[in-house]
Amino acid sequence: MITSSPLEIASGPSILQPDVVSIVSTSLGEQAWFAGGSGIDRFDSESRKWLGLIDYSTEGIDSQITDIIQISSGEVLASTSDHGIIRIDPASGQMTGTVVGSDAAEISSMIFNQDTGDIIVSMPGYGIAIGNTSNIDDYAFFDEDSGLDSLDFTSMAVRSDTVYIGTEDAGVIRIKIS
């Protein structure tokens, strides 16, 4: 008689071509979050199971999710192309609210500076917002009038207290956070 090990069945994500991939820590371990369109599919690394697609269009967020970050409080923020920044519970994946006023312009990317606790938001054609509150009006805002050489952003990175912003037409712009 031939013996075999138990059959392990694997599943795949509901989002086959994710635009955003992020790792999120929860009280039960880490999850990989995959975003495409207005939805996020989560994979739990502890149970090795897909937790199912959450489509935020049922919450009125019917635009593209452009980035996912987790801030020091543990809360997850997702930026969108037309609905600003949404707040998400890391354990359930459910939307808990929005960052007030963040829907003023398309958000192409967002990063979190662990050193300063600031969220840096890139809004092509509009500017860069830097802050750490739940109201975008409290963020410091940078545009061409405040010294940016370009509003055609390609990418961002942060190190210590400096944000580096890649542009299509002006090289790299640096903003010192103080």
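Modeller: Start with the surface: Glu144, Asp145, Asp149, Asp152, Glu168 and Asp169 form a negative patch. This is a predicted model, where local features need pLDDT of at least 70, side-chain atom pairs count only at pLDDT 80 or more, and totals for chains, interfaces and linings use all residues. Residues are numbered from 1 along each chain as its sequence is written, and side-chain values use heavy atoms, with hydrogens and water left out.

Colleague: What counts as a patch?

Modeller: Residues with over 30% relative accessible area and no salt bridge; like charges are joined within 9 Å, nonpolar side chains (Val, Leu, Ile, Met, Phe, Trp, Tyr) within 5 Å. Asp and Glu count as negative, Lys and Arg as positive, and His and the chain ends are not counted. A charge is placed at NZ of Lys, CZ of Arg, CG of Asp or CD of Glu. Areas come from the Shrake-Rupley method with a 1.4 Å probe; for residues, only the protein chains shown count as cover.

Colleague: Take Asp145. Where does Asp145 lie?

Modeller: In the loop between strand 12 (140-142) and strand 13 (153-159).

Colleague: Is Asp145 buried or exposed?

Modeller: Exposed, at 77% relative accessible area. The classes are buried under 20%, exposed over 50%, and partly exposed in between (1.4 Å probe, protein chains only).

Colleague: Zoom out. How many helices and strands does the protein have?

Modeller: Zero helices and 15 strands. Both are DSSP runs numbered from the N terminus: helices are H or I with at least four residues, strands are E with at least two. The C-alpha atoms fill a box of roughly 80 × 30 × 30 Å along the principal axes.

Colleague: What share of the residues is buried?

Modeller: 44% of the 178 residues.

Colleague: And the largest nonpolar core, how many residues has it?

Modeller: It has 15 residues. Those with the most contacts inside it are Ile69, Leu77, Ile85, Met110, Ile119, Val121 and Tyr139. Strand 9 (109-113) and strand 10 (118-123) are the elements giving two or more residues to this core. Strand 10 gives the most, with three. By core I mean a set of buried Ala, Val, Leu, Ile, Met, Phe, Trp, Tyr and Cys residues joined through side-chain atoms within 4.5 Å. In soluble globular proteins, nonpolar side chains tend to be buried together.

Colleague: Changing topic. How many salt bridges does the structure hold?

Modeller: Two. The test is a side-chain nitrogen of Lys or Arg within 4 Å of a carboxyl oxygen of Asp or Glu.

Colleague: Which residue does Glu75 pair with?

Modeller: Arg87, with the closest N and O atoms 2.9 Å apart. Glu75 sits in the loop between strand 5 (65-70) and strand 6 (76-80), and Arg87 in strand 7 (residues 85-88), so the bridge ties together parts twelve residues apart in sequence. Glu75 is buried at 16% relative accessibility. Arg87 is buried too, at 18%.

Colleague: And the bridge of Asp161, what is its partner?

Modeller: Lys176, at 3.1 Å, N to O. Asp161 is in the loop between strand 13 and strand 14 (162-167), and Lys176 in strand 15 (residues 172-176), so this pair ties together parts 15 residues apart in sequence. Asp161 is partly exposed at 24%. Lys176 is exposed at 56%.

Colleague: Backbone next. What is phi of Arg48?

Modeller: Near 55 degrees, a positive value in a residue other than glycine. Arg48 lies in the loop between strand 3 (39-44) and strand 4 (49-55). Arg48 is exposed, at 68% relative accessible area.

Colleague: What about phi of Ser160?

Modeller: Positive, about 55 degrees, although Ser160 is not a glycine. Ser160 lies in the loop between strand 13 and strand 14. Its relative accessibility of 40% makes Ser160 partly exposed.
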